Each structure stands twice: as C-alpha cells, then as structure tokens.
Amino acid sequence: MAVTSDLLQALEEESKSLPAEALMQRICEKLAQLPHFNWVGFYMLAQEACKKVLYLGPFVGAPTPHVRIPLHEGICGAAVSQGQTIVVDDVNSDPRYLACSLETKSEIVVPIRVHGEIDIHSHTHAAFGPEERALVERCADLVGRRLEAQ
Ligand code: SME
C-alpha cells in the first residue's frame, strides 16, 4: 500500500487542529477510499448503568443495525474486552461475528486504548494483512492521543 505514508502524514497533520470527533470522521472518509475498505466506523465505549457498552460513532458505509454492542457480543465486543486488534479473514467462519451486510467477507477491529475502537469491513476475503493492520493501528493511536489531549 504505497498510499499509506502519505495518508498517515495527512491525517497526522490534520489531527493537530481537528477535535477528536472531526478527526474520526476524517479517518473514516480517508480509509474508506482505500481498496477493499468497504465500511469504516468507530464504536466508542460508554457507561450504561453499571456496565460499559459500545455505541456507534462516525462511520462511512452502509447503515448498520448494530448501533449498540454489549462487550460480550461480536468481534467488536471481543476486541475491546481483550484490548487487542482482531483480524478475521473469513467472518462467516467466526461464531462471534455480528452480521451487518451479506457482502462482508473480512473484518479488522482495533481498540483505541480505553476509549473504543475502529471497525473496518471488506467485501474481500482476508483483506487485512500486516500493512493494513499497521495503518489502522496508527489511526487508532492518533485518535487516542487526540481524545486524551482535549
Ligand atoms: N461485525 C461487527 C458488528 C459491527 S457492524 O457489523 C458494523 C461485530 O461482529 O462485532
């Protein structure tokens, strides 16, 4: 992915002046232009009664029914509970997967420290290799730092 460093440089520059929510929207728009990045969105942690849940934040792509995800559900819940990136090459063979579109074949979910996560779907099987993973992890780090600075 030759575009990666230009894209990151642009986002890093923008992150200096944009509030976190606007940066998240920008990241969605930029990443959704990459080949195979068919749905890009943020889920943010929120306190609900005595437990935490994930709520859909900025996204680019088809509307999803999953606007609220408990931490024990989905690949989204698993990634934030474990505090680590989850890459699923074939969503249909992962029992944790919460379906959103019949077209989705693979997914990556990257936690943003204690704040939430970035979720990306692809219509292509095994779309998220080491380069894509590193790019999304850098974006998550940018958002984490922005959230903590404001
Ligand atoms: N596929 C995710 C749910 C979120 S949406 O489909 C956008 C999951 O398995 O947690």
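A residue counts as buried when its relative accessible area is under 20%, as exposed when that area is over 50%, and as partly exposed in between. The exercises below apply this to a predicted model.

**Exercise 1. Burial and surface**

State what share of the chain is buried, and describe its accessible surface.

*Solution.* 
- Step 1. The chain has 150 residues, and buried residues make up 45% of them.
- Step 2. The accessible surface comes to about 7300 Å². Carbon and sulfur atoms account for 54% of that surface.

**Exercise 2. Fold pattern and overall size**

*Solution.* 
- Step 1. Count the elements: four helices and six strands.
- Step 2. Along the principal axes, the C-alpha atoms fill roughly 40 × 40 × 25 Å.
- Step 3. Check the contacts. Take those between residues at least 6 apart in sequence: 48% of them join residues at least 24 apart.

**Exercise 3. Charges**

Find how far apart the mean positions of the positive and negative charges lie.

*Solution.* 
- Step 1. Count the charges: 13 positive and 20 negative.
- Step 2. Compare their mean positions, which are 6 Å apart.

**Exercise 4. Aromatic pairs**

*Solution.* 
- Step 1. Take phenylalanine 37 and phenylalanine 128. Their ring centres are 5.4 Å apart and their planes stand at 80°. Over 60 degrees counts as edge-to-face, so this pair is edge-to-face.
- Step 2. Locate them. Phenylalanine 37 sits in the loop between helix 2 (20–31) and strand 1 (39–48). Phenylalanine 128 sits in the loop between strand 6 (116–122) and helix 4 (130–149). The pair therefore ties together parts 91 residues apart in sequence.
- Step 3. Check burial. Phenylalanine 37 has 2% relative accessibility, so it is buried. Phenylalanine 128 has 5%, so it is buried too.
- Step 4. Take tryptophan 39 and phenylalanine 59. Their ring centres are 5.6 Å apart and their planes stand at 20°. Under 30 degrees counts as stacked, so this pair is stacked.
- Step 5. Locate them. Tryptophan 39 is in strand 1 and phenylalanine 59 in strand 2 (residues 51–60), 20 residues apart.
- Step 6. Check burial. Tryptophan 39 is buried at 5% relative accessible area. Phenylalanine 59 has 28%, so it is partly exposed.

Key
Residues numbered from 1 in each chain as written. Predicted model: local features only at pLDDT ≥ 70, side-chain atom pairs only at ≥ 80, totals over all residues. Heavy atoms only, no water. Helix = DSSP H or I, 4+ residues; strand = E, 2+ residues; numbered from the N terminus. Buried < 20%, exposed > 50% of the residue type's maximum accessible area, 1.4 Å probe, protein only. Contact = heavy atoms within 4.5 Å. Areas by Shrake-Rupley, 256 points an atom, 1.4 Å probe, with all protein chains shown as cover. Lys, Arg positive; Asp, Glu negative; His and termini not counted. Charge placed at Lys NZ, Arg CZ, Asp CG, Glu CD. Phe/Tyr/Trp six-rings, centres within 6.5 Å; stacked < 30°, edge-to-face > 60°.
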